[in-house]
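Subject: Structure handover and notes

Dear colleague,

I am passing on the structure we spoke about, followed by notes on what was found in it. Please read the notes with the coordinates open.

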Amino acid sequence: MCGSDATTKPDLVSQVDQRVPVGDSGRKKKKNYRHDENILQGDSLCNNANQEISILQQDVLDVNDPGYEYVTDTGLKLPCISVELKRKILTYAEDVGLGFERQNETMARAATEMTLQLIGGAHRLSGDNRHQWPRVVILAGPHRSGAIAVGAARALASHDINTLVFLTEPDVFTAPLAHELASHRLSGPGHKVTSNVQDLPTDNIDLIISGLSSYECDSYVRRDVINYINDQKVPILGLDPNKQGIGHNVSVKYSIISVLPISYSKCNGQLYLCNLALPNGVYKDLHIQYRSPFGAKFIIPLHRK
């Protein structure tokens with residue numbers, strides 16, 4: 001036909017191509033959805049809009065707490081809890097079988113995963129990289145956060161990352177810190193433990209992990225340690241710090257926290273919440289209306305409103 005496109009299909013063929021697939025019985029086949037298509041939108045529990053975690057009854061109130069509120073990327077609101085309530089939650093978890101070692105190991109694993117990404121991930125840790133192998137300095141105080149930091153050092157050593165653990169108070173040991181040190185000392189050469197500031201490296205450092213500040217107590221950091229931190233121009237990752245962080249106007253870039261946030265100062269940097277996998281019943285028994293904010297992730301960022 002004059003003026004027709006040689007590639008144009010006859011009407012009958014076009015109609016056949018556009019037919020809905022049918023089965024052997026002649027009925028229409030049901031469309032199969034991919035896993036990311038088969039989602040029903042609506043007011044289901046999967047919809048985080050207007051959802052929040054709330055404290056139904058709180059026995060201990062902090063009159064100096066400014067009452068910040070945090071929100072996840074999906075819009076779920078998280079209230080700030082008091083230090084006393086956070087301690088109650090973790091203690092209750094220990095009483096039902098989730099002891100401090102399991103809690104600390106989960107936090108250390110979160111710190112390890114985040115560190116591996118911050119220092120370059122698979123590209124930097126390739127076996128072909130012979131230029132500058134990553135080095136991480138771990139500063140550990142005599143408390144829970146210090147124990148988590150040493151646990152992270154052990155986990156990083158298992159990835160063959162060069163680590164150096166610095167103990168701020170080598171004569172003061174808590175049980176969790178002593179247990180973690182005993183394990184870490186088996187990591188072998190290249191993973192030194194020291195309490196001498198002169199042993200700390202001053203070049204080729206990728207990251208400082210701070211276990212200097214713990215949510216459960218005030219921070220006390222030696223002046224020579226503060227001077228060392230200020231002299232290094234590298235990012236700092238804090239682990240479950242208290243409200244004020246390291247103090248002395250030292251700002252960390254990121255902090256990994258557990259359970260629920262307290263009213264952190266901006267010195268603690270960008271907050272990331274770690275999933276300790278505490279049963280909902282732990283929160284319920286302590287009068288907290290809780291629903292998981294994690295979705296498909298193990299660590300999630302929090303944003304202060």
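Which residues line the second largest cavity? They are Leu90, Gln103, Asn104, Met107, Arg144, Ile148, Asp240, Ser258 and Leu276, where a cavity is a set of points, on a 1 Å grid over the protein atoms alone, at which a 1.4 Å probe fits but cannot get out, and lining residues have an atom within 4 Å of a point.

Before going further, please note that this is a predicted model, in which local features need pLDDT of at least 70 and side-chain atom pairs count only at pLDDT 80 or more, while totals for chains, interfaces and linings use all residues. Residues are numbered from 1 along each chain as its sequence is written, and side-chain values use heavy atoms, with hydrogens and water left out.

Overall picture. The protein chain has eight helices and twelve strands, taken as DSSP runs (helices H or I, at least four residues; strands E, at least two) and numbered from the N terminus. Of its 305 residues, 43% are buried, that is, under 20% relative accessible area, with exposed meaning over 50% and partly exposed in between (1.4 Å probe, protein chains only). Among contacts (heavy atoms within 4.5 Å) between residues at least 6 apart in sequence, 72% join residues at least 24 apart.

Nonpolar cores. A nonpolar core is a set of buried Ala, Val, Leu, Ile, Met, Phe, Trp, Tyr and Cys residues joined through side-chain atoms within 4.5 Å. The largest has 60 residues, and those with the most contacts inside it are Ile89, Ile209, Ile256 and Val259; helix H5 (residues 144–157) gives the most to this core, with seven residues. Leaving out residues up to four places away in sequence, Ile89 touches Ile81, Val259, Leu278, Val282, Tyr283, Leu286 and Ile288. A second, separate core of 19 residues includes Val197, Tyr228, Ile236 and Ile246.

Cavities. The whole structure holds two cavities of 30 Å³ or more, a volume being the space filled by probe spheres set on grid points that are joined across faces, edges and corners. The largest cavity has a volume of about 40 Å³, and its lining includes Ser210, Leu212, Ser213, Ile246 and Asn268; this lining divides into five nonpolar, six polar and no charged residues, with Ala, Val, Leu, Ile, Met, Phe, Trp, Tyr, Cys and Pro counted as nonpolar, Asp, Glu, Lys and Arg as charged, and the others, Gly among them, as polar. For the second largest cavity the volume is also about 40 Å³, but its lining has four nonpolar, three polar and two charged residues, and H3 (100–118) gives the most to that lining, with three residues.

Best regards

Notes
On a 1 Å grid over the protein atoms alone, a cavity is a set of points where a 1.4 Å probe fits but cannot get out, and a pocket is an open set with protein on both sides within 12 Å along at least five of seven lines; lining residues have an atom within 4 Å of a point.
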